[in-house]
Amino acid sequence: MDIKFQIPAADDFLTAALGITVVMATLALIAVFILLISKIIRIIEGKAKKAEADTKPAPAPAGVPMPSGMNNGEVDLIGVDEKTAAVIMAIVSQQSEIPLNRLSFKSIKLIDDGKKGGEA
Amino acid sequence: MEMVKDALLTLVRESGFALLTWQEGVMLLVSFLLLFLAIVKKFEPLLLVPIAFGIMLANLPGAGLMDDPAGIMTELAEGATRAHWYENGVLRLIYAGVKSSIFPCLIFLGIGAMTDFGPLLANPISLLLGAAAQLGVYVAFLLARTFGFTVYEAASIGIIGGADGPTAIFLTGKLAPDLLAPIAVAAYSYMALIPLIQPPIMKALTTEKERKVEMKQLRKVSKAEKIIFPVVVAVLCAFLIPSCASLIGMLMFGNLLKECGVTDRLSDVAQNALTNIVTIMLGLTVGATANGAIFLQLKTILIIVLGLTAFSFSTAGGVLLGKLLYLVTGGKINPLIGAAGVSAVPMAARVAQVEGRKYNPTNFLLMHAMGPNVAGVIGSAVAAGFLLSMFG
């Protein structure tokens, strides 16, 4: 190939400009669709959860949530070190899908057969 | 005695030592160098090892592994008799998978099955970053035209900026198959060099305050959203740009296998066995297209330089849009995640994470960067589809 410098034709500039515009527009459109779909799904899931909650007995008042990442009150640790207790609280929070700042642990104690137990 | 002498002379005349051309010799050395880089320096070894070995096999003198006496993919010499297809070299036969786009599409299927689009769904604005990071594709296209490349070659060189190997191979196989080897080698080499290429650009284009921005935790994405997403994207993209349907369609099909929860076995095969098998054949045959007579030209060096330019501009495009979003959102978006819009998954996202932590050790950008990162895969496929619809 002989290397020869040439100014790209107007068509080339047009192609490049059109190209980046098409990519931006396509991905922006997908973003809009995602927003719409997630909104619709959240509305539907919200309604389903509300309906489910209506059929269950009302839970005890939750109280004012603590700031994110904080836990309500002191926890009595019996035969459990703080690190293990933190892991247990994180697991309970994840499994129950209740944020830690809305959970109140009273105690976590090691039970006789070697397993750890506690009450939330 | 005479017969023995003739036989020995024939053996010597037909040996590789006698048939070796200087181009083949240089290509063998290139293949050894690439093997060294892949095995010792760990440069994208899963792809560079097959590519390098393919280069080596195709340049063994007299072996004819890429011969095409059937004239299926190359022009036959005048007066030459057309052979049967099965008389072609073995690598030429396997190469049909590249030429027909089967391999790149199957790789996209595997990528889809491996990709979690959750971060993208949680923060759809990531898609814009993935789109902006295709800037290098078009800058390199214009530069390639400046250097006198044809529009087909320029489009194939530009797509290196998408930082997506299968997409680059897909487009080049269709528009400029002669350039397949240098473009694939450039694309995969630069993907391996992302931790070296991107940080200086990210640093140059952002302020320390911007780099320190902590982003709020992403929301949890529901399973329904994850299942609907691939279907919507496949349909939408195919409606808008039909030429990208094969890549996006396979990507999204793979993702649906992963997310729908009822095809675990298929998802497992797509992620592992299928991807590995296709990677072997794709790498080997792409490397085998590195014919010394074509590869050892000035334009190969130009392709390497233009590829680096494409990568750099793509990174810059993502970071600059990140800066814009930082301003628009009142400082809620860290512009570093824009650099992850080049689609080298997950390397580019890791670079954003590492760079972010350098300036704010408590920062955790990885999941935020994964959004633009996977958006870049879609963006590069759309960019390739656009170029194919223009020049294909």
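This is a predicted model: local features need pLDDT of at least 70, side-chain atom pairs count only at pLDDT 80 or more; totals for chains, interfaces and linings use all residues.
Residues are numbered from 1 along each chain as written, and chains are lettered from A in the order written. Local features need pLDDT of at least 70 and side-chain atom pairs pLDDT 80 or more, while totals for chains use all residues, and side-chain values use heavy atoms without hydrogens or water.

**Exercise 1.** State which pattern chain A follows along its sequence.

Solution. Step 1: chain A has two helices and three strands; these are DSSP runs, helices being H or I of at least four residues and strands E of at least two, numbered from the N terminus. Step 2: in sequence order they read α-β-α-β-β.

**Exercise 2.** Compare the reach of helix 16 of chain B with the expected value, and find what its buried residues pack against.

Solution. Step 1: helix 16 (residues 245-259) has 15 residues and spans 20 Å between its first and last C-alpha, close to the expected 21 Å; the expected span is 1.5 Å times one less than the number of residues. Step 2: its buried residues include Leu247(B), Leu251(B) and Glu259(B). Buried means under 20% relative accessible area, with a 1.4 Å probe and protein chains only. Step 3: the packing partners of these buried residues include helix 6 (102-114) and helix 21 (366-391) of chain B.

**Exercise 3.** Describe the setting of Gln353(B).

Solution. Step 1: Gln353(B) lies in helix 20 (residues 347-359) of chain B. Step 2: its relative accessible area is 10%, so Gln353(B) is buried. Step 3: the Gln353(B) side chain reaches the backbone nitrogen of Leu366(B) at 3.0 Å.

How values were computed:
Buried means under 20% relative accessible area, exposed over 50%, partly exposed in between (1.4 Å probe, protein chains only). Contact means heavy atoms within 4.5 Å. A polar contact is a pair of N or O atoms within 3.5 Å; within protein, one must be able to donate a hydrogen and the other to accept it, and residues adjacent in sequence count only if both atoms are side-chain atoms.
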